[in-house]
Amino acid sequence: MKTLQELTRPNIWALKPYSSARDEYKGVEASVFLDANENPYNGPHNRYPDPLQVELKKNLSKLKGVASEHIFLGNGSDEAIDLVFRAFCEPRQDNVVAIDPTYGMYQVCAEINEVEYRKVLLDEHFQFSADKLLEAADAHTKLIFLCSPNNPTGNDLDSSEIERLLRRFEGLVVLDEAYNDFSEQPSFLTRLNEFPNLIVLQTFSKAWGCAAIRLGMAFASKDIVGLLTKIKYPYNVNQLTQQQAMEMLHRYYEIERWVTMLKDERNHLEKVFRTLPCVEQVFPSNANFFLVKVTDAVHIYNYLVGEGIIVRNRHTVSLCGNCLRITVGTKMENETLVNALKQYIG
Ligand SMILES: *Cc1c(COP(=O)(O)O)cnc(C)c1O
């Protein structure tokens, strides 16, 4: 790996971050807060939230087995994705490499930040080759994006190939594990110390059932977390979100129950889908959604919309011609979808 300084934009490396009123006072028990120009009325929402989310990170740290200094929290994983571009990629000079197809936000953030986005096509089993990604990279490649289980294909990426990439790539590897809770494959979180160039993304939006609160996590070396923390908005995770997340962390057993139910339901749905006349292929999934190849994706998508059922049309995505992405819902929602598809006449 190159040094972190070599990988970081010089202006970001040199940046002295904004210091909030609450940054200056630390630790001491105080009862009179006249430092931040807040309104003394309308508690508890009158006070700025903890900019470093110390309590929340402490609790997450226990659950994930990762020290707080290795955790960055953001307004969804989408914030972390944007921040890695802003921290490491010089606009119009640096580039990133990513598997294709994958989650659309990596490319959108690349374009917003004017950073070249190099796509490397997956194979027919939706697997990637570390060598192919490395071939697409050059001296200006700062980041490589991987997503496992991948969206929209639903499959785990080969972990030995991920490991090979981490060992051979000189820059940073962003491994998006948004759907890891649904997969049997172990998270790379336990291996952060082994790979100083690894950034693991996870989120409260999927298994944790908290898409509305906007909370994403990035796990990486202390130095990488320090850089992201330095450039984030001071109060990027609001108080209501921090409180709700803490509450969810105390109910982790509920998440395990949801995940088990959703995986069972996914396996069942995949079986039923294989019997539907309009379905040509069901791709195996390790997530809470699956990809299906149908006879006519656009037509079936529009038919379902007419029935009040929304799925994701992925027809225009690489390797996903005539494919729909189906999120696993409640038993009742899934039945409604299956019944509608049984009624479909092509
Ligand atoms: C849904 C999803 C996310 C979650 O993004 P948030 O901003 O945390 O809601 C991240 N990565 C992938 C691949 C996703 O599909």
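## Basis of the values

The model is predicted, and local features need pLDDT of at least 70, side-chain atom pairs count only at pLDDT 80 or more, and totals for chains, interfaces and linings use all residues. Residues are numbered from 1 along each chain as its sequence is written, and side-chain values use heavy atoms, with hydrogens and water left out.

## Ligand surroundings

The ligand is surrounded by 14 residues, of which Tyr179, Thr203, Ser205, Lys206 and Arg214 are the closest; a residue is near a molecule or strand if one of its heavy atoms lies within 4 Å of it. Polar contacts are pairs of N or O atoms within 3.5 Å, where within protein one atom must be able to donate a hydrogen and the other to accept it, and residues adjacent in sequence count only if both atoms are side-chain atoms.

An N or O atom in the side chain of Asn151 lies 2.8 Å from an oxygen atom of the ligand, while a polar backbone atom of Asp78 is 3.2 Å from a ligand oxygen and a polar side-chain atom of Lys206 is 3.3 Å from a ligand oxygen. Of the 390 Å² of accessible area that the ligand has on its own, the protein covers 94%, with areas taken from the Shrake-Rupley method with a 1.4 Å probe and, for residues, only the protein chains shown counted as cover.

## Salt bridges

The count of salt bridges comes to 21, where a salt bridge is a side-chain nitrogen of Lys or Arg within 4 Å of a carboxyl oxygen of Asp or Glu. One of them joins the side chains of Arg118 and Asp138 at 3.0 Å, N to O. This pair links distant parts of the chain, with Arg118 in strand β3 (residues 116–121) and Asp138, 20 residues apart from it, in the loop between α7 (130–136) and β4 (141–147); helices (H or I, at least four residues) and strands (E, at least two) are DSSP runs, numbered from the N terminus.

Another salt bridge pairs Arg191 with Glu163 at 3.2 Å, N to O. Arg191 lies in the loop between β5 (172–176) and β6 (198–203) and Glu163 in helix α8 (residues 159–168), so the pair ties together parts that are 28 residues apart in sequence. Arg191 is partly exposed at 22% relative accessible area, a class between buried (under 20%) and exposed (over 50%), using a 1.4 Å probe and protein chains only. Glu163, Arg167, Arg191 and Glu194 are linked in a network of salt bridges.

Ala218, in strand β7 (residues 216–219), is buried because its relative accessible area is 2%. Not counting residues up to four places away in sequence, Ala218 touches His70, Ile71, Phe72, Ala80, Ile199, Val200, Leu201 and Leu228, contact meaning heavy atoms within 4.5 Å.

Asn236 is placed in the loop between α9 (222–231) and α10 (239–249) and counts as buried because its relative accessibility is 9%. The side chain of Asn236 reaches the backbone oxygen of Leu73 at 3.0 Å, and, leaving aside neighbours within four places in sequence, Asn236 is in contact with Pro51, Gln53, Phe72, Leu73, Gly74, Asn75 and Glu79.

## Surface patch

Leu63, Tyr252 and Tyr253 make a nonpolar surface patch of about 310 Å². Patches are made of residues with over 30% relative accessible area and no salt bridge, with like charges joined within 9 Å and nonpolar side chains (Val, Leu, Ile, Met, Phe, Trp, Tyr) within 5 Å. Leu63 is found in helix α4 (residues 54–64) and counts as partly exposed because its relative accessibility is 37%.
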